Amino acid sequence: MSQRVVIAGGTVVDPVAGKAAPGDVLIENDQLVGVFSPGAGGAESDTVMDASGLLVLPGLVDMHVHLREPGYEYKETIATGVAAALAGGFTSLACMANTDPVNDSAAVTQFILERARVAGGARVYPIGALSAGMKGERLAEIGEMYRAGIVAVSDDGRPVMDAGLMRRALEYTSMFGLPVIVHEEDGHLAAGGVMNEGVTALRLGLHGIPAAAEEVMMARDIALTDLTGGRLHVAHVSTAGSVALLRDAKARGLAVTAEVTPHHLFLTEEAVAGYGTNAKMAPPLRNARDVEALRAALADGTIDALATDHAPHHHDEKEVEFENAANGVVGLETALPLALRLVADGVLDLPALVARMTVGPARILGLPAGTLSPGAPADLTLVDPERRWRVEARTFRSKGRNTPFEGWEMTGRAVAVLVGGRLVYDDRPGTAAALRSAAS
Amino acid sequence: MAFTQRHLLGLEGVPAAEITSILDTAASFKEISERDIKKVPALRGKTVINLFYESSTRTRTSFEIAAKRLSADTVNISASTSSASKGETLADTARNLEAMRPDAIVVRHPASGACHLLARHVSCPILNAGDGCHEHPTQALLDLLTIREHLGRLEGLTVAIVGDILHSRVARSNLHALRALGSTVRLVGPPTLVPRDLAAFGAELHTELAAGVRDADVVMMLRIQRERQGANFFPTLDEYSQYFCLTEEAVRLAVADGPYSVIMDQVTNGVAVRMALLYLLVARSKGEESGETAAEMIGDAEPVRRRTGGRA
């Protein structure tokens, strides 16, 4: 017995076609049937979901989150991370391997997938460790994890200093078509650093991490990609120099992709003034010149994906001296409105932005997500582009309250999310109860 | 101009007029330390906590004497005897101290920004006695008072600071205050310890000692901390000293009317500066409420001076 739902009256954003136009989206069970011109998609028997005044997007994909389970459930669980994701409009997540135990085995991969199944809601795709124990010494059992369901390998958080190991990782993973996601930071250049190197670090008496710490590693890994024919994905690019390296690598036809975080697109090192530890992350916030280069690269496609690097921490790990504070900020519940601000600022158009948050990351990881093609999973995010709200960390679904955007006035947010045709998040005023029953 | 700071976290951004008012107050307090009875009742009934997470003899003693000469009760807490070794965080400590209702907390801590963290958790004034590589404002203020006493002014002077600027909280505080008061500041040392970005603070950067100290009114020599050896900021202390230790030749270049060291003046001025700050930060609010002036707050200054023959 099939059930058909028409999401009618909204503006449909198709990131593959690069269009945003009024239209109806027809879903049958857990799949998309297609996009139709307004009023043309439905039949008498269909349930209608009114999307008037809303944007209808393919479900958003965040290819870089830390869900902290297993091992750090006091920071976040898969269930709370998924809840935060849905509230932020994300339907697919790729979670990093720096749990405890590290996701360096099929057993841990299976555990994560099982916990995600129990949590329900968003789709969770584990990323396996590149090296055993993320120690940077020898390869993890990547093939076993691949069979269990990993979508990439990464020692994110612990840059791989051994160029020989990185070379072998790029070679070996090419057998599975898995990308190697790299956190580019030279440990010797970054040693002791807690923020960007420069005027602000000098003023605050904090040890700096130069842009070159990222760039020398990226240059190395681009050369190794050329050597091996592997697939390199650069996580959280933070400098103008890195953008230049990326642009050059892509021009040479290498399989190099990259992502940028919302915080690196909106904040500079000056956010550290006053020693606010929610401005501490790796890589660190850089300068206005870097922000401009990152925005331009996101707009022209040199950077393929917007990813949050959602990194929840406990209050006690942030409420300490700056140099002793944990690295990272949460991002799932603020990424979309910040991204919409890029459109409002004229950095890029809406379909291009949506592409960086859907089909861009989905293609890198090979996920069945991010498009409105017939037969695709019915994962959709409905966005009220006019909804005005203020960021208050205490209202987050995430256990992490460590946001650098506290108090920011936002315009736009996800108001309804469907995963596999099921309405799993609904924040539309008035209509919530009726539609929940209609769509389930 | 009225002193408006709630805390003394650093000298960056403190207006010149407020720095001058600290120095003027300190100058007026110097004579208290020359009396037979070195005590005035300005902070009677007030509690000042000295919270030291790094060893310090000079600064801690100076703060303690300053508080006692103003009749405050002082409590000294050092990291070795505090809860720090048991894993209590600085924020925990701050909340505990806050519950004891101190009137001021003097803090020395190895982490830059530790005073900012404390200031977010307590309601009383925080006085920074040195935080990491950030600032050491009272040291800079006593340097400024000493310079002003010897040279009569701060505006238009050329001050050379030589050595490990990168890691020096004293250099930072001096740089900010001297620039605010209209001095030219030269920072002298190898580029590893004098990063180029320091030019953004309005300082002149020099890698050659002779050029750096030429015609300077004041030369400040920073010591090289032992832990910097072996970190490749310079090859060896011996080589460093060949380039950046003050030779007679360099001193001759710098000081036309004969070199002299002012270290002992600085120790005396340190007590006066810290008295001034405690007074301005702690007693002042009470004084404003009751309409008392600084002269009244420091008590029977004139009668005492008469009795002792006015040594000051």
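Me: How is chain B divided into domains?

Reply: In this predicted model, chain B is divided into domain 1, which takes in 16-136 + 266-307, and domain 2, which covers 137-261.

Me: Which elements of domain 1 of chain B give two or more residues to the side that touches domain 2, and how many residues are in contact across that boundary?

Reply: Two residues are taken to be in contact if their C-beta atoms, placed from the backbone, lie within 7 Å. In chain B, 22 residues of domain 1 are in contact with 19 residues of domain 2. On the domain 1 side, the elements giving two or more residues are α1 (16-29), β4 (126-131) and α10 (263-290) of chain B, and α10(B) gives the most, with 7 residues. By class, this side of domain 1 divides into 11 nonpolar, 8 polar and 3 charged residues.

Me: Turning to chain A, what does the radius of gyration say about its overall form?

Reply: The value is read against what a compact globule of 440 residues would have, which is a radius of gyration near 22 Å; chain A has 21 Å, which agrees. Along the principal axes, the C-alpha atoms of chain A fill a box of roughly 65 × 45 × 40 Å, and 58% of the 440 residues are buried. Chain A holds 15 helices and 18 strands, and, among its contacts between residues at least 6 apart in sequence, 74% join residues at least 24 apart.

Me: Why is strand β1 of chain A described as largely enclosed, and which strand does β1(A) pair with in the antiparallel sense?

Reply: Strand β1 (residues 4-14) of chain A is largely enclosed by the rest of the structure because 8 of its 11 residues are buried. Its antiparallel pairing is with strand β2 (residues 19-28) of chain A, over 9 bridges, and within that pairing A:Ile7 has A:Val25 as its bridge partner. The hairpin of β1(A) and β2(A) has 4 residues between the strands, and there A:Gly18 takes a positive phi near 70°.

Me: Which strand runs parallel to β1(A) and is joined to it by 4 bridges?

Reply: That is strand β4 (residues 47-50) of chain A, where A:Asp50 is the bridge partner of A:Ala8. Strand β5 (residues 55-58) of chain A also pairs with β1(A) in the parallel sense, over 2 bridges, and A:Leu55 is the bridge partner of A:Thr11.

Me: How should I read the largest nonpolar core, and which residues have the most contacts inside it?

Reply: In soluble globular proteins, nonpolar side chains tend to be buried together. Here the largest nonpolar core has 127 residues, and those with the most contacts inside it are A:Val25, A:Val56, A:Leu86, A:Ala94, A:Ile127 and A:Val153. Helix α1 (residues 78-87) of chain A gives the most to this core, with 7 residues, and at least three residues come from each of domain 1 (4-56 + 376-439) and domain 2 (60-365) of chain A. Apart from this core lies another, of 105 residues, among them A:Ala325, B:Val106, B:Phe244 and B:Tyr279.

Technical notes. Residues numbered from 1 in each chain as written. Chains lettered and ligands numbered in written order. Predicted model: local features only at pLDDT ≥ 70, side-chain atom pairs only at ≥ 80, totals over all residues. Domains from an automatic or database assignment. Nonpolar A, V, L, I, M, F, W, Y, C, P; charged D, E, K, R; others polar. Rg over C-alpha atoms; globule rule 2.2 N^0.38 Å. Buried ≥ 20, exposed ≤ 12 C-beta atoms within 10 Å, placed from the backbone. Pairing = 2+ DSSP bridges. Core = buried A, V, L, I, M, F, W, Y, C linked by C-beta atoms within 7 Å.
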